[in-house]
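Visitor: I'd like to go through this one label by label, and hear what stands behind each. Can you show me the chain first?

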Amino acid sequence: MESNDGRWGTDWEGRHHGLLFFDTKIQAAYKDWLRELFTTPSEHLGGKTLAEEPALAMFQIQNEDSLLFWTVNNLSAGPKRRLGELFHAWALDKYQSIEAVFDVWGTAYSGSDDIENGVLGMANIWDLTGDGKAAHGTTPRLDDQMQFWVETMHDFNAEIARFVREDLNCPVLVNPGNWKTADVILMEDSERYSQTSGDVIAVNRYFGGLHKGANNGWAIENGDFYTNPSVLKDAARSFPISVKQVEGKPMMVTESTWVMPTDTGFESAMLLSAYSSLTGFDAYFWFVAQTEGFTPPRSANGYNASQGKWLCQTPDMAGQWPAAALAFRKGYIRRGKPVVQEQRSLDALWQRKSPIIAESSSFDPNRDSGDQAPDSTMEGGVDPLAFLVGPVTMAFGGSESDNVVMEDLDSFIERTENRERVTSETGQIILDTEANLFRVDTPHVQTMISYRPTAQELSVVSFESSGPSVSATVVSLDGYPIVASGKLLVQVGTRTRPTGWEDEAAEVDVSGEMVQARKILSYGEAPWELETAKLKIGIKNLGIRAAQALDANGMPIAEVPLQIKDGVVFFDFPEGSLYVVLEGDSGLSYERWKSRFPWEVEAEDALVSADPDGDGTPNLIEFASAGDPLRHDRSIWNDEIVDQADGERALTLSYRRNAVMVGAEDSLEYSEDLKDWTQLVLSEQGADVRIDLVADGSVETRSLVVQLSEDAETAFVRRKVKAE
């Protein structure tokens, strides 16, 4: 929106960036606007006000503005002078007198100082960047200017959060902003600190490559040039949620998408789901949703001959949301342990000391970390690929001597000459930029994304792709691990383009350097066209009975033939579909379990009470323990041990359990005299059960700790399995 500065009686001269943080006139107007917004009853809310609406989750104070961005240099003369007055007052408060200020600052001087009238000038923001620091170093005055700017934003954010909650009586979570800075390496942490006076930290971060054209900010036109980056190929360090998360604060990306004309959007959803789950990243907002269904290829503004650029509701992105959202919300991909825990002292922020890890794709841990805080535990920096290994966190106000980096972090990042293979700390996620491959392997969700023909064998699912680039995911719909699920969603994504899209290889000049790119010959027209996947999928789940192909709206369109070989159900992913639903029996019943074994006399040996291998474990216990009824084996229990737990005597033991069995009750009971028995449950006070699953989720090892009473001389645990 454009404001009428003359009508307002302001001297902003049409330049509004930065004003909200310090200009009293725009702050007063903003509060008046918020009061109208939050306290006006609305018929759309049933007569309630927005402040009373429980569905309002978060409120963002402002979008894409910061005193640490280049636009601060564009303040007009009047606002710049008022900011200088505030700087003067801030310096007096810190040093008590202007003489003391300049005793510290020395002869450092700004031509816009007006000491007699209480104004301190400010240096160009370039002087605060790494380039400026390299050119002439830093001074106490520059450090103080940085501190003043950041504290000004921090205090403004705190006041608006207070105003909304207390004056407007709205208990909403407040996010101060989402913008970037003039120097990602040296200033981004300060920007995050300025947001800590709110509840939620945020950033806007898009994924895409070069796009050069007359209207490249909003439209795709014939003759434009573009590049096609991929997280799996050449842009792993530019992944949008590779961010340092502020400890104790939720964090979100408030705007993002894989920006057209990039055609790698089919990789986006599962990458985001997997790494959000791994790192505990809270929310990712796609930009921009314009229609109820897929947004058709169309003009960027409704009348210019062009294709829209800022999209997310396309078959390759929104079409891949179902499995990705389910896996994230159900917690099917395990959260990792922190791999980097960085402490940032406030003095280090003001002095723009190097962090040990930065969100810049160009951050070089050997070069860019050369000016760290003097008490840092790190001699150098940490490779930004650490963001793909596990959570990277940051806390403010401590000492860099408390920085912690996972001891064996380097073992999760394997390098070749030009590419990397990064394994998550949990072992469930692998990104291989040499093979252009991404894999997720957990009991409930398994994914392969590949830019090349490949065959991938995961713990339960196999993918064999002989065609174009593809993203393929199998996820449980009933909560059972894939190996025993009775309802599975198989989701496949490929490249998407408007009908008639045409481009060719080309070179384009970027700042005097010729870059390999693509030239758009035709941006095409509606509808979207998808490449056809050539994909065979195998699943080790013989409970599957039927498969149904769904169209892009999730409606059934055809039966899918199944083949069974060597205990695996195979099918070819059908053309013209994004989804297949597989259905069958959920869980593993005793009848299905016993069908796996070559009984000598089934009518006798397969009875629940039989013990054909003679190891003292009847078949029903073998079933409940995921054992082999035809192999003499007593390893389903470990030796019991009386030990210390939390200073108390305790009985500790572990046992193997069939994690997917159905049709049987399995319980443990405890006694100290073999007369009175108490059933143990997972939540019972005094009983601590840790569960470790095998890769496919079908078997778990339960470790049990039972506190003993002070006078107990004996302790017993028994297991009871009963067929329903």
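Predicted model: local features only at pLDDT ≥ 70, side-chain atom pairs only at ≥ 80, totals over all residues.

Visitor: What does that give for the chain, and where does Thr181 fall?

Guide: The chain comes to 13 helices and 39 strands. Thr181 sits in the loop between β2 (173-175) and α7 (184-195).

Visitor: Why is Thr181 called buried?

Guide: Buried means under 20% relative accessible area. Thr181 has 6% relative accessibility, so it counts as buried.

Visitor: What makes the link between the side chains of Thr181 and Glu188 a polar contact?

Guide: The cut-off is 3.5 Å between N or O atoms, with one able to donate a hydrogen and the other to accept it. The Thr181 and Glu188 side chains are 2.8 Å apart in their polar contact, which is within that limit, so the label holds. A polar atom of the Thr181 side chain also lies 3.0 Å from the backbone oxygen of Asp183.

Visitor: Which residues does Thr181 touch, beyond those up to four places away in sequence?

Guide: Leu68, Phe69, Met187, Glu188 and Glu191.

Visitor: Now Ser194. How do you know that it is buried?

Guide: Its relative accessible area is 1%, and the buried class is anything under 20%, so Ser194 qualifies. Ser194 lies in helix α7, and a polar atom of its side chain is 2.6 Å from the backbone oxygen of Glu191. With neighbours within four places in sequence left aside, Ser194 is in contact with Val150, Met153, His154 and Asn157.

Visitor: How much of the chain is buried?

Guide: Of the 724 residues, 52% are buried. The C-alpha atoms fill a box of roughly 105 × 75 × 65 Å along the principal axes. Among contacts with a separation of 6 or more, 67% are between residues 24 or more positions apart.

Visitor: What makes a group of residues a nonpolar core?

Guide: The members must be buried, come from a set of residue types such as Leu, Phe and Trp, and be joined through side-chain atoms within 4.5 Å. The largest such core has 109 residues, and Phe59, Trp149, Tyr275 and Phe438 have the most contacts inside it. Helix α6 (residues 140-167) gives the largest share, 11 residues. A second, separate core has 43 residues, including Leu437, Leu488, Val490 and Ala533. As background, nonpolar side chains tend to be buried together in soluble globular proteins.

Visitor: Which residues is Tyr275 in contact with, leaving aside neighbours within four places?

Guide: Phe239, Ile241, Leu388, Ile429, Leu431 and Phe438.

Visitor: Why are Cys170 and Cys312 called buried?

Guide: Cys170 is at 3% relative accessibility and Cys312 is at 1%. The limit is 20%, so both are buried.

Visitor: How many disulfides does the chain have?

Guide: The count comes to zero. To be counted, a pair of cysteine sulfur atoms has to be within 2.5 Å.

Visitor: Which peptide bonds are cis?

Guide: One joins Phe287 and Val288, with omega about 5°, and Val288 is in the loop between β9 (283-286) and β10 (307-308). Another joins Ala526 and Pro527, also with omega about 5°, and Pro527 lies in strand β26 (residues 525-530). Most peptide bonds are trans, and most residues other than glycine have a negative phi.

Visitor: Where is Ala626, and why is it called partly exposed?

Guide: Ala626 is in the loop between α13 (619-624) and β33 (641-645). Ala626 is not a glycine, yet its phi is positive, about 55°. Leu674 also has a positive phi, near 65°, and lies in the loop between β35 (664-671) and β36 (678-680).

Note on methods: Residues numbered from 1 in each chain as written. Heavy atoms only, no water. Helix = DSSP H or I, 4+ residues; strand = E, 2+ residues; numbered from the N terminus. Buried < 20%, exposed > 50% of the residue type's maximum accessible area, 1.4 Å probe, protein only. Contact = heavy atoms within 4.5 Å.
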